Amino acid sequence: MTRLEILRRAMLPLDGTIADWVPGIMDAYARIVPMRDWPKITMVDFTAGSCLMPTLFAASGVRRLVVNDFAPRSHLAASFLFGRRRIDAARVSALLAAKRPKLRAHVPTFHFACDYLVEPACDVFDRLYHADVPAAERTGLQYLAVRWALGFAKSVEDGFEILYTHDPARLARMRDVDWTAYLARARRPGPVLAQLVKELNAAIDAIGPAKARLRCADMKDVAKGLKLSTPVFAAVNPPTRGLDEYTIDDQLVHSLMANRWLPLSQTSETPLAFWTRRVDAGLRHLPSGAHYMVWGGDGSMRWSECLRVWSLYGTPLHVSRLGENPESPGWAIFRKQPK
Ligand SMILES: C[S@@+](CC[C@H](N)C(=O)[O-])C[C@H]1O[C@@H](n2cnc3c(N)ncnc32)[C@H](O)[C@@H]1O
């Protein structure tokens, strides 16, 4: 299996990820900075999301990284993927098999997530996420628990179906929604988790000894606080349609992690203001000569408007568009110009 396949299996499933374009982005960067020089660079991902890009850079020789995302689900993913600690498969089997597993105090997840997860699925989540184990083991088990729960989604794009009944026989007979895969997963946690543990541990081995500074904050504050010196490669990919759709998409996974049902909220910033302020902060504080990867044109701003903002700070070295249309979305790599 290639490094890319290994890391794609371990990444956090996320609607809105640019994971499909990451190999092309890294190839384009390798034509600007040869891979033999990558051990010297600092890779900064201000909006890590699925974490595929920083993990693939680490697996390709980059040793210094800053990995940030505002969302706890991505911070947990990064904490595991850059934690250099494999998950103990025997521990997972023991937690699954135990009549009364030793768990930290928590509210049973089924009490608040029952509209989307059947009780057996919630029970497995609790055995892993709230396991009373040494702290060093906790991150891996918690990321495994999150991946177990996210696997019950219809798809990354469509998210979770509402459970109008918890009777497996009735779910199986339903015609409008196919619950087959869902019910099979809930019935066989052992083999599903064993496969996931294998995939997540393979990623730990592929990523190797890279050192990552992890952040879970608004990129505009992270950018201000970073003291970077070149060579730097920075990924700046905040939501192009505002934050609210992420809040909705993340409601279940963040509620599982918070161990209570989290109310939805709406940002007071328009998608345009939200994007512009983050991109501005992300680029403004980069040192001159840094390379930055940006994405846009698929949201509240047209490609030409995004290009105008990105060009305030540097010169494009590579541009890739996702279509022929002059306003088709795309991505680009720039070099930061001196002020
Ligand atoms: C378009 S996604 C892309 C993620 C990533 N590049 C990928 O391909 O998986 C945007 C990410 O930005 C994160 N995000 C949203 N607002 C943020 C902020 N103010 N600071 C940092 N990250 C933010 C979201 O949680 C989401 O993971």
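Mentor: Let us begin with a definition: Ala, Val, Leu, Ile, Met, Phe, Trp, Tyr, Cys and Pro count as nonpolar, Asp, Glu, Lys and Arg as charged, and the others, with Gly among them, as polar. Please also keep in mind that you are looking at a predicted model.

The part I have picked is the second largest pocket, whose volume is about 490 Å³. Its lining is made of 22 residues. To find the middle of this pocket on your screen, look for Val156, Gly159, Phe160, Asp249 and Asp250, the lining residues that lie nearest its centre. Sorted by class, the lining of the second largest pocket holds twelve nonpolar, four polar and six charged residues. Two elements give two or more residues each to this lining, namely helix H13 (244–249) and H14. Of the elements, H14 supplies the largest share, with three residues.

Let us follow H14 onward. Helix H14 covers residues 251–258, and the loop between it and helix H15 (271–284) holds Asn259. Asn259 has a phi near 60°, which is a positive value in a residue other than glycine. Is Asn259 buried or exposed? Asn259 counts as buried because its relative accessible area is 13%, and the cut-off for buried is under 20%.

Arg84 is not a glycine either, yet its phi is positive, at about 55°. You will find Arg84 in the loop between H4 and helix H5 (89–97). Arg84 has 46% relative accessibility, so it counts as partly exposed.

Now step back to H4 itself, which runs through residues 72–81 and is mostly covered, with seven of its ten residues buried. Those buried residues are Arg73, Ser74, Leu76, Ala77, Ala78, Phe80 and Leu81. Take Ala77 as one of them: this member of helix H4 is buried because its relative accessibility is 0%. Ala77 also lets you compare sequence with space: Cys51 is 26 residues away from Ala77 along the sequence, while their C-alpha atoms are 7.2 Å apart.

Next, the ligand. There are 24 residues around it, and those that come nearest are Thr17, Ile18, Asp69, Met219 and Asn237. Some of these can be followed down to single atoms. A polar backbone atom of Ile18 is 2.7 Å from an oxygen atom of the ligand. An N or O atom in the side chain of Asp69 is also 2.7 Å from a ligand oxygen atom. For Met219, a polar backbone atom is 2.8 Å from a nitrogen atom of the ligand. Taken alone, the ligand exposes 590 Å², and the protein buries 96% of that area. By class, the shell around the ligand consists of 13 nonpolar, seven polar and four charged residues.

Let me finish with a peptide bond. The bond joining Thr230 and Pro231 is cis, with omega at about 5°. It is one to look at with care, because most peptide bonds are trans.

Technical notes
Residues are numbered from 1 along each chain as its sequence is written. This is a predicted model: local features need pLDDT of at least 70, side-chain atom pairs count only at pLDDT 80 or more; totals for chains, interfaces and linings use all residues. Side-chain values use heavy atoms; hydrogens and water are left out. A residue is near a molecule or strand if one of its heavy atoms lies within 4 Å of it. A polar contact is a pair of N or O atoms within 3.5 Å; within protein, one must be able to donate a hydrogen and the other to accept it, and residues adjacent in sequence count only if both atoms are side-chain atoms. Accessible areas come from the Shrake-Rupley method with a 1.4 Å probe; for residues, only the protein chains shown count as cover. Buried means under 20% relative accessible area, exposed over 50%, partly exposed in between (1.4 Å probe, protein chains only). Helices (H or I, at least four residues) and strands (E, at least two) are DSSP runs, numbered from the N terminus. On a 1 Å grid over the protein atoms alone, a cavity is a set of points where a 1.4 Å probe fits but cannot get out, and a pocket is an open set with protein on both sides within 12 Å along at least five of seven lines; lining residues have an atom within 4 Å of a point. Grid points are joined across faces, edges and corners, and a volume is the space filled by probe spheres set on the points.
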